[in-house]
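Dear colleague,

Here is the structure I promised to hand over to you, with the sequence alongside.

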Amino acid sequence: MDSDLLLPRPEGLYCPAGDFFIDPMQPVARAVVTHAHGDHARSGSALYHVARAGGALMRERLGAGSVIHEHDWSERFTLGDTTISLHPSGHILGAAQVRIEGRGKVAVVSGDYKRDPDPTCEPFEPVPCDIFVTESTFGLPIYRWPPMHDVVSDILGWLDECRERGVAAVLFCYALGKAQRVLAEMAARTDRTVHLHGAMLRLVEAYREAGVRMLPTVPVSESARGKDFAGELIMAPPSAAGSTWMRRFGKASTGFASGWMQVRGARRRRGYDRGFVVSDHADWPGLLRSVDDCGAKRIYVTHGDGEALIRHLRDTGHEAFPLRSLGGTMPDLRSSEEGD
Amino acid sequence: MRRFAALFEILDRTSSTSAKRDAMAAYFADAPAQDAAWAVYVLGGGKLKRTASSTELRTALARETGYADWLIDDCYQHVGDLAETIALMLPREEQAHEDTPLHVWMEARLPSLGRLESPERIELLREWWRGLPREQVFLVNKLLTGSLRVGVSHRLVVQALAQWADLPTDLIAHRLSGTWKPGADAFAALAGPERADEHAGERPYPFFLASPLEQDVASLGEVGDWLAEWKWDGIRAQLMRRDDHALVWSRGEERLDGRFPEIELAAADLPVGCVLDGEILAWTLDEAHPMPFAALQKRIGKLKPGAKLLADTPVRLMAYDLLELGGDDLRERPLAERRALLATLIEDRGPTLMLSPAVDAPDWEALATVRVESRERRTEGLMLKRLDSPYRVGRKRGDWWKWKVDPYTIDAVLLYAQPGHGRRSGLFTDYTFGVWDGDALVPVAKAYSGLDDAEIGRLDRWIRAHTIDRFGPVRSVEATHVFELAFEAIQASGRHKAGVAVRFPRILRWRTDLAIRDADKLDDLRRLASG
């Protein structure tokens with residue numbers, strides 16, 4: 001029975017043998033949290049286990065009062081009848097896969113992950129296991145990420161264009177992970193200063209403190225009133241699009257960095273001038289490669305429309321199931337565009 | 001093709017119409033005339049005769065990638081565009097590519113597919129794809145399967161040409177009207193100096209289109225400055241009398257020759273060198289009102305109508321404007337004068353050419369009262385045209401208004417949904433709605449528009465979470481949500497399960513205040529249809 005290691009419950013994914021939850025949606029007694037994104041790290045639980053590499057971000061997210069145990073990569077610790085260890089997932093700084101050993105089996109809950117190189121975090125570590133729980137945010141073969149070098153060239157080309165036209169370039173992206181990755185990737189190619197929306201300041205600082213080299217940044221709020229932003233790069237979370245905050249830039253060209261930008265319809269629907277394909281999730285080849293790398297006998301797929309991935313894995317000789325087939329009940333975690 | 005692909009990318013990226021116009025004008029100045037001509041054609045909405053089916057494209061993709069058919073279908077449902085799905089699923093091409101000019105694709109390569117047997121066609125597609133970068137795979141597939149849809153209207157292409165040629169837009173619009181054949185000479189001719197006999201050919205005049213009246217009718221000023229006519233529910237058409245023949249052009253600028261022989265026959269009597277604008281209506285002799293639009297539809301589809309159809313469903317032209325007389329372009333003359341000339345011209349020529357009657361009223365209030373009769377008269381409302389207005393080009397606000405009667409509305413339950421296309425790809429935006437027939441809900445209308453983006457997103461999530469069954473891309477959902485739908489007309493129909501067919505249905509509101517038991521009943525709709 002795989003369900004003695006993993007069982008969906010209303011509070012989140014539960015491990016009966018170890019009596020703990022992974023990324024619970026409601027307060028619980030014991031939680032292992034894979035990474036600091038808001039849909040995974042929620043405050044209110046009595047005790048948290050997290051990766052040390054993401055400790056600072058977790059304290060930021062969960063609040064100073066939370067009891068947080070930090071663990072080194074691959075360090076083994078015991079919860080109930082299970083032995084737990086955390087391994088890099090390559091998603092964002094400190095993002096972990098959870099390895100659970102117990103009842104004579106090994107399960108790995110990969111959390112969110114990607115296989116593409118990222119200068120802001122440790123690369124995904126393939127962990128051999130019997131049961132592999134994978135995400136499938138981009139679980140269709142149309143999603144194959146272009147090389148990051150090409151995307152950065154596109155962004156730089158866009159900046160040059162904006163400078164020529166005398167307009168500001170506002171790049172929207174998620175404040176945790178994506179923003180820092182873009183800042184770090186660009187640092188290898190240019191040294192221009194980037195203006196940051198307030199929601200990104202502390203997170204960028206946390207990455208800097210963790211030793212990640214990024215472009216120099218200044219808060220937008222510290223610019224003098226009436227400053228001319230023509231030709232400047234500004235980074236902001238998508239929630240700032242269309243807000244009064246945008247007025248200060250005068251004429252601006254807008255871009256969005258997201259895996260969803262791969263599809264023209266999604267690009268046009270969002271109404272940004274430019275879409276840049278950058279994702280912190282695995283693309284289709286990345287998902288298939290990870291399933292092969294961990295050598296699991298059974299694959300459970302979480303997140304949204306995983307049906308295509310499941311069927312394709314079955315067609316190619318794997319035992320694959322939706323996570324809900326383990327029984328129990330869990331609210332549908334349809335991957336939102338925020339989860340990118 | 002590289003140059004055209006670069007233009008397409010700019011057009012696709014920006015939502016600014018002026019940036020699009022500038023980009024096209026620069027392209028027209030820069031590109032070889034042969035290619036520019038085809039760019040005008042495809043950007044203006046022109047399509048080639050289709051030479052490969054969707055099934056053949058899918059087969060070629062399956063062979064090229066090794067992906068299962070169901071996976072290709074899943075991807076297509078997600079992307080909402082087959083041309084793009086193919087471009088995204090094919091292996092990424094890294095090597096340098098040969099560059100085949102746009103006109104070679106349009107004149108030689110794509111038409112050549114039609115001369116092959118299906119298996120060779122599939123192999124040739126694969127060979128082409130292998131030699132193209134991703135953006136050109138997308139474009140070639142687009143050109144092969146339909147229109148480009150890049151947020152460029154025919155009108156914007158006309159404006160860009162006018163900017164490039166430094167000529168008035170109305171002149172360019174006229175030069176492009178009708179069946180314009182792309183070619184280097186045709187493209188160069190677009191920019192040539194204006195000639196005195198410019199309008200004498202077979203090209204239709206660009207239609208002047210009315211705008212919906214949204215403001216208070218009294219704000220239009222004196223009722224005496226306006227001509228009111230019924231808004232006929234037929235096919236807008238231009239009837240041209242040329243040297244030895246007559247031509248009928250639709251509002252979509254397609255030749256309707258042969259479809260309406262009774263109108264062409266009546267036109268033979270008209271003096272050479274005149275052009276009428278009006279509405280083709282199905283109308284039996286001695287009847288006070290035209291037949292419903294559905295009757296006319298039987299005629300539209302028939303290239304050579306038989307004797308029985310001609311007898312059962314005769315048509316006539318309800319003329320309301322005169323654009324040319326004695327070879328003179330009258331479009332700059334005031335409407336009052338054009339109409340007087342029109343009345344004299346078609347007086348006593350029999351019922352096939354009728355003058356659209358003026359609806360007289362001493363004031364706006366009286367006119368509003370008459371307007372209530374619109375439906376009984378099988379019309380959609382009133383047209384209001386300023387008596388001193390010229391005949392303009394395209395949709396220009398101010399002189400011509402359509403003052404439609406309020407649409408019918410019903411409350412109906414969402415039953416099925418399927419993903420949309422283009423900007424709405426990957427979202428469930430195409431809905432089917434039903435009403436009560438006894439204790440069952442029967443589908444009566446499909447509607448695509450009327451919700452805002454936030455509502456579409458909310459409904460999309462709900463649909464995914466409350467799917468009962470799947471039939472290909474279509475999902476049946478739990479009967480929960482009620483929507484208020486508007487439509488223009490309703491008719492009894494043997495082809496529809498519910499026995500009624502509605503025209504131009506659209507969503508007015510999401511009625512979260514209603515439960516499904518509050519939805520309308522089929523009997524009520526049947527009553528509307530027979531009334």
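This is a predicted model: local features need pLDDT of at least 70, side-chain atom pairs count only at pLDDT 80 or more; totals for chains, interfaces and linings use all residues.

The buried residues in question, within residues 69-79 of chain B, are B:Trp70, B:Leu71, B:Ile72, B:Cys75, B:Tyr76 and B:Val79. Just after this helix comes B:Gly80, which takes a positive phi of about 80°.

The next place to look is a pair of helices in chain B, α2 (residues 17-30) and α3 (residues 33-43), whose axes come within 8 Å and cross at roughly 150°. Because an angle over 145 degrees counts as roughly antiparallel, α2(B) and α3(B) are described as roughly antiparallel to each other. Their crossing is left-handed. On the α2(B) side the contact is made by B:Met24, B:Tyr27 and B:Phe28, while α3(B) brings B:Asp35, B:Ala36, B:Ala39, B:Val40 and B:Leu43. Sorted by class, this contact has seven nonpolar residues, no polar ones and one charged one.

Further along chain B, you will find B:His174 in helix α11 (residues 169-176). Is B:His174 buried or exposed? With a relative accessibility of 4%, B:His174 counts as buried. If its neighbours within four places in sequence are left aside, B:His174 is in contact with B:His199, B:Arg203, B:Pro204, B:Tyr205, B:Pro206 and B:Arg331. As for B:His199, it lies 25 residues from B:His174 in sequence, and the two are 7.9 Å apart in space when taken from C-alpha to C-alpha.

Lastly, a word on the cysteines: how many disulfides does the structure hold? Over all chains, the number is zero. To see why A:Cys162 forms none, consider that the closest cysteine sulfur, in A:Cys173, is 15 Å from its own sulfur, which is too far for a bond, given that a disulfide requires the two sulfur atoms to be within 2.5 Å. A:Cys162 also counts as buried, at 1% relative accessibility. A:Cys173 is likewise in no disulfide, and the nearest cysteine sulfur to it, that of A:Cys121, is 15 Å away. With a relative accessible area of 0%, A:Cys173 is buried.

Terms used:
Residues are numbered from 1 along each chain as its sequence is written. Chains are lettered from A and ligands numbered from 1 in the order in which they are written. Side-chain values use heavy atoms; hydrogens and water are left out. Axes are lines fitted to C-alpha atoms, for helices over the stretch in contact, and angles run from 0 to 180 degrees between N-to-C directions. Helices (H or I, at least four residues) and strands (E, at least two) are DSSP runs, numbered from the N terminus. Angles under 35 degrees count as roughly parallel, over 145 as roughly antiparallel, 65 to 115 as roughly perpendicular and the rest as oblique. A crossing is left-handed if the near helix is turned anticlockwise from the far one by less than a right angle, and right-handed if clockwise. Contact means heavy atoms within 4.5 Å. Ala, Val, Leu, Ile, Met, Phe, Trp, Tyr, Cys and Pro count as nonpolar, Asp, Glu, Lys and Arg as charged, and the others, Gly among them, as polar. Buried means under 20% relative accessible area, exposed over 50%, partly exposed in between (1.4 Å probe, protein chains only).
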